Amino acid sequence: MTSIEAAAIALQDHAALWNVGEISASEVVDSACDALVAGLDTPSLRILAACTRAEADCDVHDLLLPALAELGLALHPVGGEAGQEAAVRALARRMLAGELKPWELTFRIHRRYGHELPLTERLAELDDEYGMLEDGDEAIAHVDAEVTAEARRLATHTVPAEPTNTPS
């Protein structure tokens, strides 16, 4: 995967996580800056990346969708299954990058979606398993490995990286 592809995935992940309240607007702006540095460049992306931290909370809502559209990326509605799945896949990639521990991933997913989202049923079950384990239990490593395998499965979804002129 090129750095441009990785930047596109990261930007879309940040958008999905911001959309469900997992991260702040300033983190989306940071991701837009990273995308510019990686080689993605559109007028709306430049405007988004230029937001200050103080402006981010107010402006990201209006600037993110056009920036994603110019890149051929999508921001799915937060209440829809596609939006939920995008956030889940983004959290899985964060765990694989070492930003979350396996139990944190299952806890967040289980708390947010319970056993209702088919894509995350296994993670919710694994969170239940964590709840039955005691500190120092050797089974924790086994559950961690299962969570990691499930996160890898979820993280395989990729997004197009080439800018397009038409919104998706």
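Predicted model: local features only at pLDDT ≥ 70, side-chain atom pairs only at ≥ 80, totals over all residues.

Trainee: Thanks. What makes up the fold, helices or strands?

Mentor: The protein has eight helices and zero strands.

Trainee: How do you know that the radius of gyration agrees with a compact globule?

Mentor: Set the two values side by side. A compact globule of 168 residues would have a radius of gyration near 15 Å, and the protein has 17 Å, which agrees. As for its extent, the C-alpha atoms fill a box of roughly 50 × 30 × 25 Å along the principal axes.

Trainee: And how much of the protein counts as buried?

Mentor: Of its 168 residues, 43% count as buried. The exposed surface comes to about 8,700 Å², with 54% of it supplied by carbon and sulfur atoms.

Trainee: Which contacts link residues 24 or more positions apart, and what share do they hold?

Mentor: Count the contacts with a separation of 6 or more: residues 24 or more positions apart account for 61% of them.

Trainee: What about the positive and negative side chains?

Mentor: There are 12 positive and 30 negative side chains, and the centres of the two sets lie 2 Å apart.

Trainee: What makes a group of residues a nonpolar core?

Mentor: The members must be buried residues of nonpolar kinds, joined through side-chain atoms within 4.5 Å. The largest such core here has 44 residues, and those with the most contacts inside it are Leu-48, Val-60, Leu-64, Leu-105 and Val-147. Each of the helices α1, α2, α3, α4, α5, α6, α7 and α8 supplies at least two residues of this core.

Trainee: Which residues does Leu-105 touch?

Mentor: Not counting residues up to four places away in sequence, Leu-105 touches Leu-91, Ala-92, Met-95, Leu-123, Val-147 and Ala-151.

Trainee: Leu-123 is on that list. Why is Leu-123 called buried?

Mentor: Buried means under 20% relative accessible area. Leu-123 has 0%, so Leu-123 is buried. You will find Leu-123 in helix α7. Beyond its neighbours within four places in sequence, Leu-123 is in contact with Leu-105, Thr-106, Ile-109, Val-147, Glu-150 and Leu-154. Its C-alpha is 9.7 Å from that of Arg-108, 15 residues apart in sequence.

Trainee: Why is Ala-6 called partly exposed?

Mentor: That label covers values between the 20% and 50% limits. Ala-6 has a relative accessible area of 34%, so Ala-6 is partly exposed. Ala-6 is in helix α1, and its C-alpha is separated by 25 Å from that of Leu-123, 117 residues apart along the chain.

Trainee: How do you know that Glu-70 is partly exposed?

Mentor: Buried would need a value under 20%. Glu-70 has 23%, so Glu-70 is partly exposed. Glu-70 lies in helix α4. From Ser-24, 46 residues apart in sequence, Glu-70 is 22 Å apart in space, C-alpha to C-alpha.

Trainee: One more, please: why does Arg-153 count as partly exposed?

Mentor: Exposed would need a value over 50%. Arg-153 has 42% relative accessibility and therefore counts as partly exposed. Arg-153 lies in helix α8 and, leaving aside neighbours within four places in sequence, is in contact with Arg-89 and Leu-119.

Terms used:
Residues numbered from 1 in each chain as written. Heavy atoms only, no water. Helix = DSSP H or I, 4+ residues; strand = E, 2+ residues; numbered from the N terminus. Rg over C-alpha atoms; globule rule 2.2 N^0.38 Å. Buried < 20%, exposed > 50% of the residue type's maximum accessible area, 1.4 Å probe, protein only. Contact = heavy atoms within 4.5 Å. Areas by Shrake-Rupley, 256 points an atom, 1.4 Å probe, with all protein chains shown as cover. Lys, Arg positive; Asp, Glu negative; His and termini not counted. Charge placed at Lys NZ, Arg CZ, Asp CG, Glu CD.
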